[in-house]
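The exercises below are to be worked with the sequence and the model at hand. Each begins with a task and is followed by a solution in steps.

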Amino acid sequence: MGNLKISLIPYTYQLKHSFNLAIYSRTTTPAVLLKIQTPDITAWGEASLPPYLGETQESVMSFINRFNLERFSESDSLETILHEVDNFEPNNTAAKAAIDIALHNLKAQLGGISLQQQFGIHTEFTLPTSYTIGIDSPENVASRATEAKDFNVLKIKLGGANDREMIAAVRSVTDKPIYVDVNQGWKTLDQAEKESDWLAKMGVVLIEQPFPKDWLEETARLREKSPLPLFADESCQRLADVEKMAQAFQGINIKLMKCTGMAEAAKMISLARKLNLKIMMGSMTESSVATLAANTFAPLVDFIDLDGPWLIANNPFETPKLQGGVLMESSPKLQPEVNL
Ligand code: MG
């Protein structure tokens, strides 16, 4: 059995719409695609690198090269390789996720099974994804909500100056359920209580990351008052964070780029279930590779926010088919005209 042959391809996603959050705005997302080849199989992994998380294309490629993934062969145990990856150096979670996703895709193809079957999941396509709309003028937010015909749930970014105007604008064009993501944007308990009361009346279903990530006490106090469940995103990165989330939130948002990939995501899901936490599977701006890897867990979670392929103008992979807002694919395929 030969050693793994790998290629690292830096790639920049052009966003269809400028992505505006409470803290900053951008029009591109850097990424690194990891290709593993055997004589018969090509398996893909991906690191998506929103700049505020601190990893870069250079740091990801350097990490994977230093780790020397090519010293392994396709018959080596996935658990062993992933354990070595995580212990090789701290942090570098997106680089680790790229390796994890590529190896899971490789092992699934070698075994002739789907990613779902690899995790013992036998129902494949279940939950509809939300479609994310960033902070913008009420007019633009309403027109984005109108354009999102293929999606049954919307996720609106809040924490800017015109939160209520944006939600009212969305409500003027659709009655679809809304998730809101404050991205740490609320500054006082009083403000957060008032906003969550108002949002509950507007058909909002949940609130993600209302306060700065370290404000667990304030979040716990808001949880007592808020009619809407609170979900941790920035506060909850990896498995080691899950237990303390139960003190402050009703749910967590698991993302492969934060938690080093599918193996750890599966562990976070089981621990969250034991703690009675609700689970959202989320994503950064990602191509179909990481999106479909995350969607593997759809049957095990409560909410899905996996809309990356619809936010990117130059996804090198085919956009997954959607049915009633549900992603209907399990493995990524390169677009026929793309040569990577
Ligand atoms: Mg979030």
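## Exercise 1: a salt bridge and a metal site

Task: find which side chain meets that of aspartate 181 in a salt bridge, and then describe how the magnesium ion is coordinated.

Solution. The side chain of aspartate 181 forms a salt bridge with that of lysine 155, at 3.9 Å from N to O, where a salt bridge is a side-chain nitrogen of Lys or Arg within 4 Å of a carboxyl oxygen of Asp or Glu. Because aspartate 181 lies in strand S6 and lysine 155 in strand S5 (residues 153-157), the pair ties together parts that are 26 residues apart in sequence; strands (E, at least two residues) and helices (H or I, at least four) are DSSP runs, numbered from the N terminus. By this rule, the count comes to 18 salt bridges.

This is a predicted model, in which local features need pLDDT of at least 70 and side-chain atom pairs count only at pLDDT 80 or more, while totals for chains, interfaces and linings use all residues. Residues are numbered from 1 along each chain as its sequence is written, and side-chain values use heavy atoms, with hydrogens and water left out.

Next, the metal: Asp181 (OD), Glu208 (OE) and Asp233 (OD) coordinate the magnesium ion at 2.1 to 2.2 Å, donors being N, O and S atoms within 2.8 Å of the metal (3.2 Å for Na, K and Ca), and sites may look incomplete since water is not among the atoms. Along the chain these donors follow the spacing D-x26-E-x24-D. Aspartate 181 in strand S6 (residues 178-181) and aspartate 233, in the loop between strand S8 (230-232) and helix H9 (239-245), are 52 residues apart and link distant parts of the chain.

## Exercise 2: two domains

Task: state where the domains lie and what area is buried between domain 1 and domain 2.

Solution. An automatic or database domain assignment divides the protein into domain 1 (5-114) and domain 2 (130-327). Their contact (heavy atoms within 4.5 Å) takes 31 residues from domain 1 and 36 residues from domain 2. The buried area, which is the accessible area (1.4 Å probe) that two parts lose on being put together, summed over both, is about 2,700 Å², with carbon and sulfur atoms giving 62%.

Finally, look for charged pairs: there is one salt bridge between domain 1 and domain 2. The side chains of arginine 238 and aspartate 86 meet in a salt bridge at 2.7 Å, N to O.
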